[in-house]
Amino acid sequence: MSMDQIMNYALIVLIIVVAISQGVSTALDFYIKKMAASGKKVPEQVVTVKEASDALYSQANKLLDLTGAEKKSWATDQLLKQKPQLTKEVAAGMIQKSYDDAQKEKVTPEKEDETAQPIGFVQPEDEKND
């Protein structure tokens with residue numbers, strides 16, 4: 001197979017993937033409009049409290065230039081907005097758990113027992129000994 005044939009096959013596969021994706025997108029858009037027109041509730045993704053708290057804590061760490069307490073407070077408020085059935089204490093506990101889990105995942109480098117030896121250079125005297 002020549003490189004041109006491989007590139008042509010790759011292009012055809014890419015076009016097929018894009019066409020299928022566009023078809024699925026159009027079908028879902030039609031389905032959602034039909035459900036909304038008939039007054040039925042459109043199914044949505046269910047996000048658990050744990051997933052939401054992990055995502056909010058991660059987002060707070062990446063986007064906000066605040067202290068740790070302020071980040072936790074912001075994430076708690078956002079979690080309460082997303083899940084209004086939670087109490088403030090439960091939301092704060094979930095954010096704290098996400099913080100603790102994130103701290104556990106950070107890998108601490110292990111110290112090696114070996115001490116570093118300086119690299120020596122060959123001296124003219126060393127060559128005479130061989």
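Student: How do you know that the span of α3 agrees with its 15 residues?

Tutor: The model is predicted, and the check uses its coordinates. At 1.5 Å a residue, the 15 residues of α3 should span 21 Å. The end C-alpha atoms of α3 are 21 Å apart, so the two values agree.

Student: Which residues of α3 are buried, and what puts them on the same side?

Tutor: Lys71, Ala75, Thr76 and Leu79 are the buried residues in α3. They cover an arc of only 135° around the axis, and therefore lie on the same side of α3. Ala69 and Lys81, on the other side of α3, are exposed. The cover over the buried residues of α3 includes α2 and α4.

Student: What makes the buried residues of α2 line one face?

Tutor: In α2, the buried residues are Val49, Ala52, Ser53, Leu56, Tyr57 and Ala60. Seen down the axis of α2, they fall within an arc of 125°, so they line one face of the helix. Among what covers them are α3 and α4. The span of α2 also agrees with expectation, because its 15 residues should span 21 Å and its end C-alpha atoms are 21 Å apart.

Student: Why is Ser53 called buried?

Tutor: Buried requires under 20% relative accessible area. Ser53 has 0% relative accessibility, so Ser53 counts as buried. This residue lies in helix α2. Leaving aside neighbours within four places in sequence, Ser53 is in contact with Leu79, Met94, Ile95 and Ser98.

Student: Which residues make up the largest nonpolar core?

Tutor: There are ten: Val49, Ala52, Leu56, Tyr57, Ala75, Leu79, Leu86, Ala91, Met94 and Ile95. Two or more residues each come from α2 (49–63), α3 (68–82) and α4 (88–105). The largest share, four residues, comes from α2.

Student: What does Leu79 touch?

Tutor: Not counting residues up to four places away in sequence, Leu79 touches Val49, Ala52, Ser53, Leu56, Leu86, Ala91, Met94 and Ile95.

Student: What makes Lys72 count as sitting over the ring of Tyr99?

Tutor: The distance part of the criterion is that NZ of Lys lies within 6 Å of the ring centre, with a further limit of 35 degrees from the ring normal. The charged end of Lys72 is 3.9 Å from the centre of the Tyr99 ring, and sits over that ring.

Student: How many aromatic pairs does the structure hold?

Tutor: The structure holds zero aromatic pairs.

Technical notes. Residues are numbered from 1 along each chain as its sequence is written. This is a predicted model: local features need pLDDT of at least 70, side-chain atom pairs count only at pLDDT 80 or more; totals for chains, interfaces and linings use all residues. Side-chain values use heavy atoms; hydrogens and water are left out. A nonpolar core is a set of buried Ala, Val, Leu, Ile, Met, Phe, Trp, Tyr and Cys residues joined through side-chain atoms within 4.5 Å. Buried means under 20% relative accessible area, exposed over 50%, partly exposed in between (1.4 Å probe, protein chains only). Contact means heavy atoms within 4.5 Å. The expected span of a helix is 1.5 Å times one less than its number of residues. The arc is that of the directions from the helix axis to the C-beta atoms. Rings of Phe, Tyr and Trp (its six-membered ring) pair if their centres lie within 6.5 Å; planes under 30 degrees apart count as stacked, over 60 as edge-to-face and the rest as tilted.
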